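Me: Could you walk me through the salt bridges here? I would enjoy going pair by pair.

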Number of protein chains: 2
Amino acid sequence: MTYQLYYWDGLQGRGEFIRLALEEAGADYVDVVREPGGMAAMMNIMESRDEACIPFAPPFLKDGDVIVSHVANILFYLGPKLGLAPANEALRYFANGLQLTITDFLAEIHNTHHPIAASLYYEDQKDAAKAYTALFLTERLPKFLGYFERVLQQNPHGDKQIVGDRLSYVDLSLFQVIEGLLYGFPRAMKGYDKKYPGLAAIHAAVRERPNIKRYLASDGRLAFNETGLFRHYPELDEG
Amino acid sequence: MTYQLYYWDGLQGRGEFIRLALEEAGADYVDVVREPGGMAAMMNIMESRDEACIPFAPPFLKDGDVIVSHVANILFYLGPKLGLAPANEALRYFANGLQLTITDFLAEIHNTHHPIAASLYYEDQKDAAKAYTALFLTERLPKFLGYFERVLQQNPHGDKQIVGDRLSYVDLSLFQVIEGLLYGFPRAMKGYDKKYPGLAAIHAAVRERPNIKRYLASDGRLAFNETGLFRHYPELDEG
């Protein structure tokens, strides 16, 4: 069965965390909105008046009749099917907890450029964005990265992966988070690999995995841009 | 086995969503931090240098050796054990998606009083809080409540519960969300029961369930206050 991924076209955004898992596993999937008629197909589901399991927002995944929404939920669902979740059940819940910490981190990263409202332009909330980002970079960024580094270092199976003894979707998501932070905050991230060597090693290792490497070089991987989650506004990245 | 819930004392906060599920099911649990030595026990886990599955933040649940963190993850884990999850697997993922939408909603509710940083006092971010809350009340509150009402109305098993044909932890969480919004934004919520009759009916029905009713009247249920997630600042609730 071909998986159907529904997400906005034109940006990596939250959909990218799902794409990376599907690409790593070499799964058969369609990025629906990038196909002809795809946007209408997505809106048909979102606005359906008879579908029971309507999603609040993209991304969502359709697997036959099953609709699963929210990044962490989709990855929790797909993980075992794609061979990207721990075999042990308790560790699967731990992986989900890590992914939900990434979810919270992403919400804060989004708020660096949109602290007042997603419906306002960045330019109309720039002062608040500066105030938010200054504290984000000094307090929150080190707290989140420090936590993930510590979990890596305390993994009894070694620090090559964040949970259990093999690659999981959480490692792929960590790659994407680091990649996005390096794009958005190059100044603040300078020398991050010295402070968080385990995370830097995962970032480098994921990038070299054959399926990921091929995907990153393909047309399927969009460039970061200022409509996405990770944005580069130099004035926010000042010291 | 007695469940151990770890959460800050003195506020309902995110821990309350777990308490409501445990209370409804009549489960055997300890609210660790409210016991003597509980705060030290929680910090021991948070700061452990050898535990593999360290949580980023409370609430977290300990079930024997298993540690599960994040509200939605804890409820996903507990739901089937407490008889508060749908029997059907696809519906369990739908319930998790709904709970994660509640998670996002709660993050925005928190941002109404702390849009710039959790580490700053409300008084030091009051102007941003007013700007945030004005758009939250006109755009986001109706969007979230309208979504949940629509899901209720489109449940093929009827609108007495949001997923499947029986009470789930999602209904209990919706009760708590409505209860908190009525506390925090009494003006903005005025007449909400006319606009969202299904949600209002769930709110009323959950309140009357024997175990919940007993719990709400007990010392275990703390009052809402201005250290929690739902806060009543009249200046934010103006028209």
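**Salt bridges**

Reply: In chain B, the side chains of B:Asp31 and B:Arg34 meet in a salt bridge, N to O at 3.7 Å. A salt bridge here is a side-chain nitrogen of Lys or Arg within 4 Å of a carboxyl oxygen of Asp or Glu. This is a predicted model, where local features need pLDDT of at least 70, side-chain atom pairs count only at pLDDT 80 or more, and totals for chains, interfaces and linings use all residues. Residues are numbered from 1 along each chain as its sequence is written, chains are lettered from A and ligands numbered from 1 in the order written, and side-chain values use heavy atoms, without hydrogens and water.

Me: Is B:Asp31 buried or exposed?
Reply: Buried means under 20% relative accessible area, exposed over 50%, and partly exposed in between (1.4 Å probe, protein chains only). B:Asp31 has a relative accessible area of 10%, so this residue is buried.

Me: Which parts of chain A does the pair A:Arg19 and A:Asp31 tie together?
Reply: A:Arg19 forms a salt bridge with A:Asp31, the closest N and O atoms lying 2.6 Å apart. Because A:Arg19 lies in helix 1 (residues 15-25) and A:Asp31 in strand 2 (residues 29-31), the pair ties together parts 12 residues apart in sequence: helix 1 and strand 2. Helices (H or I, at least four residues) and strands (E, at least two) are DSSP runs, numbered from the N terminus.

Me: How many salt bridges does the structure hold over all chains?
Reply: One of them joins A:Lys213 and A:Glu208, with closest N and O atoms 3.1 Å apart. Over all chains, the number of salt bridges is 24.
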